[in-house]
Amino acid sequence: MSWRLWGYDLIARPEGADLVILNTCHIREKAAEKVFSDLGRLRPLKAARAEEGGRMVVAVAGCVAQAEGEALMTRMSLVDVVVGPQAYHRLPELIARVERAAGRAIDTSFPPEPKFDALPQPTADGPSAFLSVQEGCDKFCAYCVVPYTRGAEYSRPASAVLTEARSLVASGAREITVLGQNVNAYHGEGPDGRPWSLARLLDALAEIPGLARLRYTTSHPRDVSDDLIAAHRDNPVLMPFVHLPVQSGSDRVLQAMNRGHDRKTYLGLIERFKAVRPDLAIASDFIVGHPGETEADLLDTLSLIDAVGFVHSYAFKFSARPGTPAAALPGQLADEEKSARLARVQERLSVHQAAALQACVGQSVEVLVDRRGRHPGQLIGRTPMMQPVHVTHPGLEIGDLVRVRLVSAGPLSLAGEVEDPVLARRRA
Ligand code: SAH
Ligand code: SF4
């Protein structure tokens, strides 16, 4: 989205800015607390701007704004605008209102008009673009704030998604990652007036000329459908990678979490994905130290990690979020205990991540180059399985799709050599 549309130019630092927007996350306490420390750092900058005779409008957007909007307004006098994630298309109007009246504005409503229709058509700012197709969640996992901050599940109509995807590809995207809190719960209206599944949407997206790669994230085990599994066999543009959070390997904990799946169902899904696409890579999220988690539960999580061999995962310490059922459960664990368990889970995950990278050495894969590396001339791209690859090759540019021989692996990434300089020029 171009800020010039709103009459502002983007600058790199907050010093001297006319407008600062903090986009916030409420999923864990640490993320939410950061907003208050960031605001503290803005206070002297806002005062300095006023001394120069200007005004720095400070807006807080996103889920902290949604969950703690009133408190932000009362506790933080420097905040001028608070806007929830469902109302952020109204931001220009709210900013204009406070600029005109030198007042303050808050909008944490869930407006009836879909915000996507009111936002400008995005363009890609690199070869890899994100496209939101679904928002909100009705699953109410015991630990999670998303159903409260993002509201009920909503899927955008397929035609709007396809139009946006074409515009992203026309502006240089070669890869699109389709996004949603539970993306595989997608059921947007198709051009035929009937709900389309995620697999159907991915098939339609795959037809867009110039689009080389498709991904989707994040999926929920309960919403994996037969056609999504089949898409990994039949859709040539769909990458062999699935981010399918399991959260825990213990049935007792999964039940306390209200996940709606158990360990066996999860492992069964992995088998079904692998049956159609044996090289498919699986990534996951884990919550460690959920209330009531015992040593035996933790061992179940470690054994599930060994059983699946995830290529990449995120693991978090359980964070009690106000208003969620898990925050009130008995058996809350001490922070040191959660940290110690997290370290064990992360250690096990990193063993598998490193092994997956090592297993790629010697293979020849297609890599989409998407950013610069730290060393002069070095570029970084991703394998189909999302692993970062460092390459240095004369004339190679960001946006190139190249065939690379993977020559060595580190704990987090691979190094490769470009095999075919002709392929390197294949660009949209
Ligand atoms: N809808 C997705 C995940 C969305 S939230 C799913 O169900 O898998 C992203 C991740 O944040 C979750 O997968 C979970 O691992 C983590 N998370 C959510 N709430 C949390 C909490 N209260 N404490 C710690 N981690 C949490
Ligand atoms: Fe949160 Fe995901 Fe559970 Fe929804 S399914 S409540 S987003 S963790």
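## Close-up views of a predicted model

View 1. Look next for Gln181, where a polar backbone atom is 2.8 Å from a nitrogen atom of the ligand. Asp285 takes part through its side chain: a polar atom there lies 2.6 Å from an oxygen atom of ligand 1.

View 2. A UniProt record, from an unreviewed entry, places the feature "domain: Radical SAM core" at residues 123–355. In the model, this span is 39% helix and 15% strand, and its end C-alpha atoms lie 37 Å apart. The feature "domain: TRAM" is placed by UniProt, again in an unreviewed entry, at residues 358–420. For residues 358–420, the make-up is 5% helix and 52% strand, with 23 Å between the end C-alpha atoms.

**View 3. Ala152 in its loop.** Find Ala152 in the loop that runs between helix H5 (146–149) and strand S7 (154–155). Is Ala152 buried or exposed? Its relative accessible area is 56%, and because the cut-off for exposed is over 50%, Ala152 counts as exposed. Ala152 still has partners from elsewhere in the sequence: leaving aside neighbours within four places, it is in contact with Glu135, Gly136, Cys137 and Asp138. Take Glu135 as one of these contacts: it is 17 residues from Ala152 along the chain, with 7.8 Å between the two C-alpha atoms.

**View 4. Helix H8 and what it packs against.** Helix H8 spans residues 226–234, and its buried residues are Leu228, Ile229, Ala230, Ala231 and His232. Which elements do the buried residues of H8 pack against? Two are helices, H7 (198–206) and H10 (263–276). The others are strands S9 (213–217) and S10 (241–243). When you trace the helix by eye, keep in mind that an α-helix has 3.6 residues a turn, so residues three or four places apart point the same way.

How values were computed:
Residues numbered from 1 in each chain as written. Chains lettered and ligands numbered in written order. Predicted model: local features only at pLDDT ≥ 70, side-chain atom pairs only at ≥ 80, totals over all residues. Heavy atoms only, no water. UniProt positions renumbered as here; feature names shortened; annotations may be inferred. Helix = DSSP H or I, 4+ residues; strand = E, 2+ residues; numbered from the N terminus. Polar contact = N/O pair within 3.5 Å; in protein donor to acceptor, adjacent residues only side chain to side chain. Buried < 20%, exposed > 50% of the residue type's maximum accessible area, 1.4 Å probe, protein only. Contact = heavy atoms within 4.5 Å.
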